[in-house]
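Me: I've got a structure open and I'd like to learn how to read it. Can we start with how helices pack?

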Amino acid sequence: MSGNEIVTDVVIIGAGPVGLFAVFELGLVDLKCHVIDILDRPGGQCAELYPEKPIYDIPAFPEISGQGLTDNLMKQIQPFGAEFHFNQMVTNCEKLEDGSFRVTTDADEVFLTKVIVVAAGGGSFQPKRPPVEDVEQYENKSVFYAVRKMDDFRDQDLVIVGGGDSALDWTLNLEPLARSLTLVHRRDQFRGHADSVNKMRALVEEGKINFITGQLGRLEGENGQLTEVYLKTAGGELGVPATRLLPFFGLTMKLGPVADWGLDLHENALIKVDTERFETSVPGIFAIGDINWYPGKLKLILSGFHEGALMSQAAKRIVHPDEKIVFQYTTSSSKLQKKLGVA
């Protein structure tokens, strides 16, 4: 075993509401979790696509926003100390001779785990490529769809394209590091938080960054290294010096590398599971939430919560086969209340 491998009881793929609640249920049975998500924050689709949109079918909450639900779940799981690995995607899963798994991400993190829980909603979020010729040759060299290490953008001529929270947040965070920073959006209105928009405009007024209304046209550079980005603007083509480009063109849903794990799939898009444990066709790999399928499946968050509860009991038997499982209620068990920090 390499010293760089992270050893844990459970790896959860997906930090949406169902993945977060799985941390809670697994924590109640003393299982340690690491959570991996391709996004840069918890909440999955709820927080990324409709953070302020009301949800009306969460038990005991007549109305709650996607972000509000995420915040509450993060507070609820705090006692269990789950570790999160954002901005990365699981690319490989290898089953070892002892029945455990070696899980690898595209950020070169490696996990050794006895249980995998796929809670990736409708699949993993994949960044949409900008409609620019030859963008592939620059990807992961000078064109990036996420920021893994801020220092990679230090002293670079940076162009950020987009009008949502990701574009605005990274404009504000990277401005102190970049040699120059240009924000590009197709119009002078933004979908991000008003506070972020105001801070961005203040930086423009102070001459610390540039803002250009326009769209990506073409890229110039060689051997994967950008030198200039050409924009389509109302005044014609405009060249901007650029050694790094961050295009935030939204996300699309795909099953992703999980499709190659040899799991039985339903219509090539969803993962088949049983309804006793929500285990897949590969023992030790579970799927909960919108990513799974079984007869009568309802794509509801509350269904995913139920699936996570039953999954955790089965996961406990895999990780600690010699320990007896005694079902307890949080309302009456002093042991569980102590774990939750309320006793």
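Me: How do the axes of helix α1 and helix α6 cross, and within what distance do they come?

Reply: Two packed helices are described by the angle between their axes and the distance between the axes. Here the axes of α1 (residues 17-28) and α6 (residues 301-319) come within 9 Å and cross at roughly 35 degrees. Axes are lines fitted to C-alpha atoms, for helices over the stretch in contact, with angles from 0 to 180 degrees between N-to-C directions. Helices (H or I, at least four residues) and strands (E, at least two) are DSSP runs, numbered from the N terminus. Mind that this is a predicted model: local features need pLDDT of at least 70, side-chain atom pairs count only at pLDDT 80 or more, and totals for chains, interfaces and linings use all residues. Residues are numbered from 1 along each chain as its sequence is written, and side-chain values use heavy atoms, leaving out hydrogens and water.

Me: Which residues in α1 meet α6?

Reply: P17, V18, F21, A22, E25 and L26 do, with contact meaning heavy atoms within 4.5 Å. Their partners in α6 include F305 and M311.

Me: What about α4, buried or exposed?

Reply: Seven of its 10 residues (165-174) are buried, so α4 is largely enclosed by the rest of the structure. Buried means under 20% relative accessible area (1.4 Å probe, protein chains only). W170 and L174 are among them.

Me: And what is the strand order in the open sheet of four strands?

Reply: β12-β11-β10-β16, with parallel pairing; two strands pair if DSSP finds at least two bridges between them. β12 (210-213) and β16 (244-247) stand at the edges with a single partner strand each, so one side of each lacks a neighbour in the sheet.

Notes: Buried < 20%, exposed > 50% of the residue type's maximum accessible area, 1.4 Å probe, protein only.
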